[in-house]
Amino acid sequence: MRKHHIVLYNPRAPFFTMPLALIAVGSALDRSRYEVTLVDGRLEPDPVARVLDATDGALCLGVSVLTGIPIRDALGVTRAVRARHPRCRIVWGGWHPSLFPRETLNEAGVDAVVVGQGEEAFADLVERFAAGRTGQDGRDGQEGEDGENGRDATGVIARRPARDINDFPEHDYGLIAVERYFALKRERQLDYTTSQGCRFRCTFCADPTVYGRAWSGLEPARVATELDRLWHRHHFTDVGFQDETFFTHANRVGAIAEEILGRDLHFTWMATMRGDQGARLDEHVLLACRHAGLRRVMIGLESGSQQMLDWMKKDLKVEQVFVTAEKCRRHGIAVLCNLIVGFPDEPPESVAATLDAAKALRALGPDFQVALFYYRPYPGTPITDALARRGHPLPRSLDEWAAIEESTSHSPWVDAGKRALIDRFSFYQRIGWARPDAWRVPLQAIARWRCRRDVYAFPIEKTIVEWVRQVRA
Ligand code: SF4
């Protein structure tokens, strides 16, 4: 029997994480009946031409779409396929379509949208397309209830109740050119996810909306078995665990570490950790993780102001992050802390508290890094919804959401003076607490002095460094 051809497309984006969501969706299809091709726009010199070629005669094109830059690329590919291959069904899934299914269906090229967890919902749609059906169960003009497909005025909205991810098959990394990602990342780092969703409720984050605060994690033995197989096949040296919150269950994490140790697998790894999880984590579990290769954790502190953390329902104490950082320091584990400034109406004292927290973390050593971001009103979050109610202008169409990173490169709640302070601090903290380098010692001393005293006037060093970088480029 001739197999139906399914093409999955990952749009261009400014990072090179492996397309794990599409690998999951492609792996969940019945491969005895469907031939799956995964095209990653980031690896293609001409993504539109590549997808047009791949979708010639294909039953369906599935596109995974994040808010921002990837939307523009996804739109270009979708419109081209719709024009060239009108019989190919086009399905969008991922974060943005999950938050805006109806708006996504306003795009003429999109036949269906998968909301939330995609493995089962996409497989079901494909089955229906293969049987010559439209994909709908509900009546025209009605959106389906949870657990069934429905039809909006213009297309199908497919959603399924979230399943435990242990029910799904092993991810088939044969769908991607693993070596190409190693080359782009400049390290043999495999991306892998052991869990899906998050139980927390941070009001700047869309995860609770998309996954309904549900969480499920793979059994530790399965994680180790799969990594064992992948390690022998791809010879990676590092794993980036891309879970939203890898350390959700300490016992499970400890068991994963023991499995890695027991199988004598030799690679390092990094993972996401909440500050409260790290503070509670048993030292023995952290030590087992260290022995099993844990080299760095990524922690979202978000703000140095407890008032702001409480406002955004982070359910975290600032001190917990420092307790975690100190534990990591004892065990030789690096920490990357994410911080956000410029929340709506954020007072200057809060921004100052965030910069103070950044300095305190950096002072722990060169392995303690911070990444400072400006707040952007991403969709599907309570903060953005509140802004909309206040009349703050938000993007409406897909084209407008595609431009959100350009139109809000800096938070409108940060004035020019504060912005200069933050930008200069970001520059000086990077240099000041970087690993010592004989050539940079004087510059590092000046940078640390500036940060400690918040003296950023006449940033001559910044101008020189930026000039040198430009000349070298
Ligand atoms: S920011 Fe992190 S901890 Fe908070 S809801 Fe989102 S994924 Fe969960």
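User: Which side chains meet glutamate 302 and lysine 314 in a salt bridge, or rather, what is the N to O distance for that pair?
Analyst: In this predicted model, the side chains of glutamate 302 and lysine 314 form a salt bridge with an N to O distance of 2.8 Å, where a salt bridge is a side-chain nitrogen of Lys or Arg within 4 Å of a carboxyl oxygen of Asp or Glu. Local features need pLDDT of at least 70 and side-chain atom pairs count only at pLDDT 80 or more, while totals for chains, interfaces and linings use all residues; side-chain values use heavy atoms, with hydrogens and water left out, and residues are numbered from 1 along each chain as its sequence is written.

User: Where do glutamate 302 and lysine 314 lie?
Analyst: Glutamate 302 is in strand β13 (residues 294-302) and lysine 314 is in the loop between α13 and α14, so the pair links distant parts of the chain, twelve residues apart. Helices (H or I, at least four residues) and strands (E, at least two) are DSSP runs, numbered from the N terminus.

User: Buried or exposed, those two?
Analyst: Both glutamate 302 and lysine 314 are buried, with buried meaning under 20% relative accessible area, exposed over 50%, and partly exposed in between (1.4 Å probe, protein chains only).

User: What surrounds the ligand?
Analyst: The ligand is surrounded by Cys198, Phe200, Cys202, Phe204, Cys205, Pro208, Glu244, Arg274 and Lys314, a residue being near a molecule if one of its heavy atoms lies within 4 Å of it.

User: And how many of that shell are nonpolar, polar or charged?
Analyst: The shell has six nonpolar, no polar and three charged residues, with Ala, Val, Leu, Ile, Met, Phe, Trp, Tyr, Cys and Pro counted as nonpolar, Asp, Glu, Lys and Arg as charged, and the others, Gly among them, as polar.

User: Back to salt bridges, how many are there in the whole structure?
Analyst: A search of the whole structure gives 30. One of them joins the side chains of aspartate 315 and arginine 201 at 2.9 Å, N to O. Aspartate 315 sits in the loop between α13 (306-311) and α14 (318-331), and arginine 201 in the loop between β9 (195-197) and α8 (207-211), so this pair ties together parts that are 114 residues apart in sequence.

User: How accessible are aspartate 315 and arginine 201?
Analyst: Aspartate 315 counts as partly exposed at 35% relative accessibility, and arginine 201 is likewise partly exposed, at 33%.

User: What does lysine 359 pair with?
Analyst: The side chain of lysine 359 meets that of aspartate 454 in a salt bridge of 3.0 Å, N to O. Lysine 359 belongs to helix α15 (residues 348-362) and aspartate 454 to the loop between α20 and α21, so parts 95 residues apart in sequence are tied together. Lysine 359 is buried, with a relative accessible area of 11%, whereas aspartate 454 is partly exposed at 38%.

User: Since α21 came up, which of its residues are buried, and why are they on one side?
Analyst: Glu461, Lys462 and Val465 are buried in α21. They cover an arc of only 100° around the axis, taken from the directions from the helix axis to the C-beta atoms, which puts them on the same side of the helix. On the other side of α21, Ile460, Trp467, Gln470 and Val471 are exposed.

User: What do the buried ones pack against?
Analyst: The buried residues of α21 pack against α19 (416-432) and α20 (441-453), with contact meaning heavy atoms within 4.5 Å.
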